[in-house]
Amino acid sequence: MAESLGVIVGDESLVRARTDSYFNRTSEIVSRFGDRVVTYAIFIRRPVISAPGLLLQWLANAGEQQKIAINAELVFQEGEWVGAGQPLVYLTGSFAHLASLETLALQKIGAPCVAAQQAYQMALSLPKAQFLAMEARHCAGYEMQEMMAYAASVGSRAARKKGAVGFTGGANDATSMFFGQSRGFGTMPHALIGYAGSTLRAAEMFHETYPDSDLVVLVDYYGQEITDALAVCRRFPDLAAAGRIAVRLDTHGGRFMEGLDPQESYAVLERHVPEALELYRSDAELRYLIGTGVSAAAVWRMREALDQAGFGRVRIVVSSGFGVSKCACMADAHAPIDVVGTGSFIPEKWSETYATADIVSYDGQESVKIGREFLLPSVRRAEAERRHDRRKQADGSV
């Protein structure tokens, strides 16, 4: 977190300038009439994965910079599942100081927790696939990008505990630290293929420039995914045999992959996973299976073509809209995906990312506005005791 832009506090005047004015006025009023020690509860109204790291480091930096004591008590550790409305963390300290920090503090936790939950679900849907975080181009500036990359790493580590490979890296160097890497991953964009004049020539240029790197080739530029994929493999048979070539499917939703149409897409899935066609529940899910773009049928057809040509060790990388729902559909179809490049763990409905904070005690005396009693520490402790008692009864211990 030391290199993280998101944990830089700025001087006190900058913090106040970016804080909602009524919190600044509250701070001034409390300073005039007598400060009190308060405890805030921070919560989100939907289920999430706890991703408090950026917030906690920012608060630590703020406390050190402003010479104030802020005690942060995590209710859920990083990577734990959090139910809707459950407190994520209790913050205790001077009311006069914490009031002016609330706005910025809430910005640090809501979106990462929701994105972590999305990344967690995606990784669990395709547990054998490697994921690469490609969120940067979809973010509103570097601070958001950093939050999303951190979130992907948290959700991924949670999924890894359940056997998933998860996110192993990102698309650029600046956020690679969150994945335990020193650099970003990636080979070529469509622009390089247009520059080269052919998919094969772009692959040759890349290999000549980076001979020690694996060769991951975009194959949809000319609408000849299978033809161009096989051409690259035949040009570099030693790399293909060594498992150092991957073809990336990024076919846009305006057309089918080479050789496919609705009828042929059905036929591909009938050959490999006929049961998948019985599982879809919506038109969107059906499109993920047999529609345009990077469908499950497209992935299976590419795998067929590579295997039939003797390139069984060539991997398949997919991108283009691989969010929670699409990953789940690919899992239903047992799509032979090796790597998923995606930024679709970014929350689609931003209002779901709004974190909220309420004071739950003043000088140790519990008090919260009507309707938020579920945030009180005493209520949380009582619920924890009831859960403990129920577990003991279920185990036959009492």
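The model is predicted, so local features need pLDDT of at least 70 and side-chain atom pairs count only at pLDDT 80 or more, while totals for chains, interfaces and linings use all residues. Residues are numbered from 1 along each chain as its sequence is written, and side-chain values use heavy atoms, with hydrogens and water left out.

Me: What volume does the largest pocket have?
Reply: On a 1 Å grid over the protein atoms alone, a pocket is an open set of points with protein on both sides within 12 Å along at least five of seven lines, whereas a cavity is a set of points where a 1.4 Å probe fits but cannot get out. Grid points are joined across faces, edges and corners, and a volume is the space filled by probe spheres set on the points. For the largest pocket that comes to about 1,100 Å³.

Me: Which residues lie nearest the centre of the largest pocket?
Reply: A lining residue has an atom within 4 Å of a point. The largest pocket has 40 of these in its lining. Nearest its centre are L132, M134, F185, G186 and T187.

Me: Which elements give two or more residues to the lining of the largest pocket?
Reply: Helices (H or I, at least four residues) and strands (E, at least two) are DSSP runs, numbered from the N terminus. Here the elements are β6 (130-133), β8 (215-218), β9 (245-249), β10 (315-318) and β11 (339-342).

Me: How many residues in the lining of the largest pocket are charged?
Reply: Ala, Val, Leu, Ile, Met, Phe, Trp, Tyr, Cys and Pro count as nonpolar, Asp, Glu, Lys and Arg as charged, and the others, Gly among them, as polar. Sorted that way, this lining has 17 nonpolar and 15 polar residues, and the charged ones number 8.

Me: Which element gives the largest share of the lining of the second largest pocket?
Reply: This pocket holds about 260 Å³ of space and is lined by 15 residues, with I8, R18, Q107, K108 and E143 nearest its centre. Two elements give two or more residues to that lining, α5 (102-107) and α7 (142-160). The largest share, 3 residues, comes from α7.

Me: How many nonpolar residues are in the lining of the largest cavity?
Reply: Searching the whole structure turns up 1 cavity of 30 Å³ or more, and about 70 Å³ of space lies in the largest cavity. Its lining includes Y40, I42 and L59, and α5 supplies the largest share, 3 residues. By class there are no polar residues and 1 charged residue, and the nonpolar count is 9.

Me: Is S265 buried or exposed?
Reply: S265 sits in helix α12 (residues 262-272). Leaving aside neighbours within four places in sequence, S265 is in contact (heavy atoms within 4.5 Å) with F256, L260, I290 and A297. Buried means under 20% relative accessible area, exposed over 50% and partly exposed in between, using a 1.4 Å probe and protein chains only. S265 has a relative accessible area of 0%, so it is buried.

Me: Why is the pair of W81 and Y120 tilted?
Reply: Rings of Phe, Tyr and Trp (its six-membered ring) pair if their centres lie within 6.5 Å; planes under 30 degrees apart count as stacked, over 60 as edge-to-face and the rest as tilted. The structure holds 9 aromatic pairs. In this one, the ring centres are 6.2 Å apart and the planes are at 50°, so the pair is tilted.

Me: How many residues apart in sequence are the parts that W81 and Y120 tie together?
Reply: W81 is partly exposed at 42% relative accessible area, whereas Y120 is buried at 10%. W81 lies in strand β4 (residues 81-82) and Y120 in helix α6 (residues 110-125), so the distance in sequence between the parts is 39 residues.

Me: How far apart in space are L215 and E264?
Reply: L215 is in strand β8 and counts as buried, at 0% relative accessibility. Not counting residues up to four places away in sequence, L215 touches several residues, among them M188, A203 and F206. L215 and E264 are 49 residues apart in sequence, and their C-alpha to C-alpha distance is 29 Å.
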